Amino acid sequence: MKHKRKISVIGLGYVGLPVAVTFGQKEQVIGFDISEWRINELRRGSDSTNEVTARELASAQIKYTTDPDDLRAADFHIITVPTPVNAAKHPDLTPLLRASALVGCIVKKGDIVVYESTVYPGSTEEDCVPVLEKASGLLCGSDFFIGYSPERINPGDKQHKFATIHKVVSGQNDEVLNIVADVYGSVVTAGIHRAASIKVAEAAKVIENTQRDLNIALMNELSLIFEKMGIDTLDVLAAAGTKWNFLPFRPGLVGGHCIGVDPYYLTYKASLLGYTPQVILAGRSINDNMGIH
């Protein structure tokens, strides 16, 4: 599958770098990061996140830069910056909005901006687009366009990598969707799923980790109950697991950049809409407090 777009990747962390390298193994890519230290490291052929090998880095055609002006040479911008939560467990969109403002300063007519960062449904269109429009002085939907394709990289997983993970893509209209699908389809071998809308793609991403978080929370709560009963939880799971439709989850600590964070994006948006989630927050509470056990 071929496309005619010039790609830039904004944010070269454990998500953005594999994206840039995979595309860079087929064509010239502009790789941008605000960290001079990170750019210098990558120019030396080293990746401290250990997501990409030195050989893979050497095989990719990437122009590493901290200069936003270099992004003007691209017309398909992929934003892969962190979306953490603050101390109150509310979404912290600061990195995302700063990246949007940066791209807005260089975006031109005909460009497509695709977000991969995990957000709550509606964030791309409601939070990011106004920033892009203000910085650029252009109108989204007529001058430039947006898409959303959630990252699914599992840090440290050498089997499921960017090119071998089924890719969900979305765009603000059918034409943009086709372009986004073609661009990602040029390197992703696992297949492309065209989501019905940007909000659907955003929601799909945020519930992937929410589902896993809840399943682990159930196992953790069962382990607390069985401990008081003097029963070995793993023995119980081994027995229950002999049934064909019993899901093979196990108790354990939940942390990192994704599973312990993403559910809060969904619950935050739900609360803004007047609904207070109960099951999701209960699961988060169980998993957040498992460390004391």
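I take the expected span of a helix as 1.5 Å times one less than its number of residues. Helices (H or I, at least four residues) and strands (E, at least two) are DSSP runs, numbered from the N terminus.

**Entry 1**

I am working on a predicted model, where local features need pLDDT of at least 70, side-chain atom pairs count only at pLDDT 80 or more, and totals for chains, interfaces and linings use all residues. Residues are numbered from 1 along each chain as its sequence is written, and side-chain values use heavy atoms, with hydrogens and water left out.

**Entry 1: helix α7**

I checked the length of α7. Its 32 residues reach 47 Å from the first C-alpha to the last, close to the expected 46 Å. G230 follows α7 and has a positive phi, near 75 degrees.

**Entry 2: helix α5**

I repeated the check on α5 (residues 123-136): its 14 residues should span 20 Å, and the end C-alpha atoms are 19 Å apart, which agrees. I then looked for a bend, taken as the angle between axes fitted to the seven residues ending at a position and the seven starting there. α5 has a kink of about 35 degrees at V129, shortly before the proline P130. Just after α5, G137 takes a positive phi of about 75 degrees.

For burial I use relative accessible area: buried is under 20%, exposed over 50%, partly exposed in between (1.4 Å probe, protein chains only). In α5 the buried residues are S123, T124, C128, V129, L132 and S136. Their cover includes α4 (94-104), β5, β6 and α7 (198-229).

**Entry 3: the sheet**

I traced the strand order, counting two strands as paired if DSSP finds at least two bridges between them. The 8 strands form an open sheet with mixed pairing, in the order β3-β2-β1-β4-β5-β6-β7-β8. β3 (62-65) and β8 (192-194) are at the edges with a single partner strand each, so one side of each has no neighbour in the sheet. On average, neighbouring strands are turned by 25 degrees against each other, direction ignored.

I30 has K63 in β3 as its bridge partner.

Contact here means heavy atoms within 4.5 Å. Axes are lines fitted to C-alpha atoms, for helices over the stretch in contact, with angles from 0 to 180 degrees between N-to-C directions. α6 (residues 174-185) lies across β1, β4, β5, β6, β7 and β8, and runs at about 150 degrees to β7.

**Entry 4: cores**

I define a nonpolar core as buried Ala, Val, Leu, Ile, Met, Phe, Trp, Tyr and Cys residues joined through side-chain atoms within 4.5 Å. Which members of the largest core touch the most others? Of its 35 residues, they are F23, F76 and Y184. At least two residues each come from β1, α1 (16-24), α2 (36-43), β3, β4, β5 and α6. α6 gives the largest share, 6 residues.

Leaving aside neighbours within four places in sequence, the contacts of Y184 include F23, F76, I78, V114 and I192. A second, separate core has 33 residues, among them L93, L96, C128 and Y265.

I looked up G16, which lies in α1. G16 counts as buried because its relative accessibility is 1%. Not counting residues up to four places away in sequence, G16 touches V9, G11 and T80. D33 is 17 residues from G16 in sequence and 9.5 Å from it in space, C-alpha to C-alpha.

T22 is also in α1, and is buried at 16% relative accessibility. With its neighbours within four places in sequence set aside, T22 is in contact with F162, A163 and V187.
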